[in-house]
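Please take a moment with the sequence and the fold before reading on.

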Amino acid sequence: MTRLWVPPSWESECCGDDITVGATVSWPLLPLAQWWDLTRLRLTLGEKMLQLNGIETHHASDEEGRRVVRGPVTSIVRVAATEVRSGQSWNIVPTSATFSARSMLDPLTGSTNHEDAMIELHALKRYGDSGVEAQHRFMGCVVTVQDGHVE
């Protein structure tokens, strides 16, 4: 079994299809240690990050240690987290992540309904007593590939 992080990115927009439980995939896999946003991933997933075998990426070069995982998808878990605004940037609130099992998911928006995903992305609210702007939005998904053959 191979568990990987599938982030919402331009890669999903240009060459990613919806992910479906039961579908057989052949995905490039980047080692966790080489992911450019490891701190953000750690804040989002917490200890669950230790269960990951890598990051799905279409555009890493072979020099970056990319491998390929092949097999049927057995589970998809959508991950969303709360971010608070700090100046011009958004910072993840540790332990704010929510996890929901899905049978199908658009890896770019985290939804099968693009309108719902955009509402979530742009819905600002006040966070706690501080009155700081915050948003709870799609961060990516954890996909399990059964008997994932890694080359």
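Does Ser 96 count as buried or exposed? The model is a predicted one, in which local features need pLDDT of at least 70 and side-chain atom pairs count only at pLDDT 80 or more, while totals for chains, interfaces and linings use all residues. Residues are numbered from 1 along each chain as its sequence is written, and side-chain values use heavy atoms, with hydrogens and water left out.

Ser 96 counts as buried, at 14% relative accessibility, where buried means under 20% relative accessible area, exposed means over 50%, and partly exposed covers what lies in between (1.4 Å probe, protein chains only). The residue is found in the loop between strand 6 (89-92) and strand 7 (98-102); helices (H or I, at least four residues) and strands (E, at least two) are DSSP runs numbered from the N terminus. When neighbours within four places in sequence are left aside, Ser 96 is in contact (heavy atoms within 4.5 Å) with Ala 80, Ala 81, Thr 82 and His 136. Its side chain also reaches the backbone oxygen of Val 93, at 2.7 Å. Thr 95 is found in that loop between strand 6 and strand 7 as well, but Thr 95 is exposed, with a relative accessible area of 80%. The backbone of Thr 95 has a positive phi of about 65°, although the residue is not a glycine.

The protein has three helices and 11 strands, and from the N terminus on its elements run β-α-β-β-α-β-β-β-β-β-α-β-β-β. Of its 151 residues, 40% count as buried. Among contacts between residues at least 6 apart in sequence, 78% join residues at least 24 apart. The protein exposes about 8,200 Å², of which carbon and sulfur atoms supply 51%; these areas come from the Shrake-Rupley method with a 1.4 Å probe, and for residues only the protein chains shown count as cover.

Two residues illustrate how separate stretches of the chain come together. Val 77 lies in strand 5 and counts as partly exposed, at 24% relative accessibility. Leaving aside neighbours within four places in sequence, Val 77 is in contact with Phe 99, Ser 100 and Ala 101, and also with Gly 140, Cys 141 and Val 142. Not counting residues up to four places away in sequence, Ala 23 touches Gly 71, Pro 72 and Val 73. Ala 23 and Val 145 are 122 residues apart in sequence, yet their C-alpha atoms are 9.6 Å apart in space.

How many salt bridges does the structure hold? There are three, a salt bridge being a side-chain nitrogen of Lys or Arg within 4 Å of a carboxyl oxygen of Asp or Glu. The side chains of Glu 83 and Arg 40 meet in a salt bridge at 2.1 Å, N to O. Glu 83 lies in strand 5 (residues 67-86) and Arg 40 in helix 2 (residues 38-45), so this pair ties together parts that are 43 residues apart in sequence. Arg 137 and Glu 83 also meet through their side chains in a salt bridge, at 2.7 Å, N to O. Because Arg 137 lies in strand 10 (residues 132-145) and Glu 83 in strand 5, that pair ties together parts 54 residues apart in sequence. Glu 83 is buried, with a relative accessible area of 1%.

Arg 40 also forms a salt bridge with Asp 37, at 3.9 Å, N to O. Asp 37 is buried, with a relative accessible area of 18%, whereas Arg 40 is partly exposed, at 22%.

Technical notes:
A polar contact is a pair of N or O atoms within 3.5 Å; within protein, one must be able to donate a hydrogen and the other to accept it, and residues adjacent in sequence count only if both atoms are side-chain atoms.
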